[in-house]
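Please find below a short note on the contacts within and between the chains of this model.

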Amino acid sequence: MVFTSLNFLLFFPLLAIVYYITPGKFRWITLLVASYFFYINIKPAFALLVSGVTLSTYIFTRLIDKAGTESGKKTLMVINIVLILLPLFFFKYFAVINNGILSLLDSYKVRWPLSEIKLLLPVGISFYTFMAIGYTIDVSNEEIKSEKNIGIVALFLSFFPLILSGPIERANNMLPQFKKQVELDFALITQGIKLMLWGYFMKLVVADRIGIYVDAVYGNITQHNGTSLVVASMLYSIQLYADFGGYSLIAIGIAKILGIDVMQNFKRPFFATSMSEFWRRWHISLISWLTDYVYTPLSFTFRRFKVWGIVIAIMITFLISGIWHGAGLTFIIWGLIQGTFLSIEALTNKGRTSFQTKHNLNKRIWYIALSCLFTFVLFSASMVFGRAKDLNDALMVYSKIFSGIIHIPYRDGYTMLYSFIGFTILILKEFRDEYYPAHFLLFDNKNVIIRWLSYYAVIFMILYFGVFGQEKFIYFQY
Amino acid sequence: MEEKSIMPELEQVFRKVFNNESLIISRGMSSNDVDGWNSLNHMILVSEVEKAFSIKLKLKDLNKMHNVGDMIDIILSKL
């Protein structure tokens, strides 16, 4: 039951009605039951895992609070982190380790051929595991008190708008919201619906349409020329943003309708003028999580090495980010590429800043536009490793691109036209939000006719240009 | 030790790290108010503060540092 399914469009309004009928202090129970119902409907066994992670996190955070010494708190924190990471490692990396051992056995000819076990990655495991780890560390660092009510902890880790792909929320934002009585607020509900509507536009009109082109090219790399691969690689960045950004807006909108405020996950990433700025705008919840729980402790440990300590911390952080995204070599390389980009920026930070200030470049439109374009190209080039199915495919993409891109690209008239229309509307809205946030308002226009016309226009575009029947989001695989 | 006595030295550290000789710090000042005060330079700032005041900070102290005022309080508690 994903957000784009018909089942969800029936489930959610019904839930919202039951939720607001429920007396205020019991609303969290309605949400908890709904969240487990939602997750059980994907696969019942997966709900056992999230409840296991919840139980372990609840017990250990309570024990951490009661521990008298700092070392006692740290020990309990480490035990819980190891325990809840075990299922994540098992499901995510089992296949890679399994295949590695089998090929080793093969090479020594000691393989005993038995039927293969195929494991399905429990949807959302990477997301709720990170939320549980963050909560455990926060309690251990005495930044928040452990929650006494196991139901609230269970809701935090299973909250259905976020469980499939985040945003990776923090306990200090969510626990107090689940505990307080949510009042029915029509302004919030309207805001939530607008966010959902735009999220559906991004997903169904932009992402899934572009996806048709990208899948056609990346699904058959050998048959496509360098130009097609350049176009598909650039389009994949846009597809990924519209897919995950759209999903995030739907999730944030659903939560808002239920009176719960969830953090922003994307902030117009294609208007970033450097890679470090890009990573402050892209998958914000993951990057801020990694910054707080991985990068900061590491850079603090290595601080005596000055800027080189920062470089080490960045490289390790993005290596972890790569591994989090997938077990394959392609994601490790992807993470190291991002780390390298940011390290180069860290090392050249002082020189670049003074050069830009001296020539007043940050205020020149051509410089900003070129910087945005350069950042986009860098990110798209690195995403070849995120999209290609394995290392051989990724290397083939690069070799084809560098062996010549002066060819006529693969053409798919309707897909390209609809993709172009969708993307143009998306980028114009983002341009307005970035540079003229109080102008040319549509969804938030004071004039009721303009407002409603814009709602209908977006609904019409979703129905007319949207791609239906996909019922999956790219980030479900992580 | 009092706040007034550490301010000039702390200001010197800020000026050196952020490469701005005219920078004047105040308690309410945060990363939003200083050009270049990002997560990269923050750790260099922390390291320079430790060196200038001969103190050793903990990661826990870092989590409490939200502005210059927090930083002053933490430095004073270590002196």
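**Note on two interfaces**

1. Chain A and chain B bury about 1,600 Å² between them, with 60% of that area on carbon and sulfur atoms; buried area is the accessible area (1.4 Å probe) that two parts lose on being put together, summed over both. On the side of chain A, the residues that lose the most area to chain B are Phe300(A), Arg303(A) and Lys306(A), together 36% of what that side buries.

2. The model is predicted: local features need pLDDT of at least 70, side-chain atom pairs count only at pLDDT 80 or more, and totals for chains, interfaces and linings use all residues. Residues are numbered from 1 along each chain as its sequence is written, chains are lettered from A and ligands numbered from 1 in the order in which they are written, and side-chain values use heavy atoms, leaving out hydrogens and water.

3. Contact (heavy atoms within 4.5 Å) involves 17 residues from chain A and 21 residues from chain B. The rule finds 3 salt bridges across this interface, a salt bridge being a side-chain nitrogen of Lys or Arg within 4 Å of a carboxyl oxygen of Asp or Glu. One pairs Glu48(B) with Lys306(A), whose closest N and O atoms are 3.4 Å apart.

4. Two or more residues of the side of chain A that touches chain B come from each of α12 (284-301), α13 (306-325) and α15 (349-358) of chain A; helices (H or I, at least four residues) are DSSP runs, numbered from the N terminus. The largest share, 5 residues, is from α12(A).

5. Chain A is assigned domain 1 (22-182) and domain 2 (188-465), with bounds from an automatic or database domain assignment. The centres of the two domains, taken over C-alpha atoms, are 27 Å apart. Their contact takes 28 residues from domain 1 of chain A and 26 residues from domain 2 of chain A.

6. Between them, domain 1 and domain 2 of chain A bury about 2,300 Å², 68% of it on carbon and sulfur atoms. In domain 1 of chain A, Phe130(A), Pro167(A) and Arg170(A) lose the most area to domain 2, together 27% of what that side buries.

7. Which residue forms a salt bridge with Arg170(A)? The partner is Asp292(A), with the closest N and O atoms 3.0 Å apart. The count between the two domains of chain A is 1 salt bridge.
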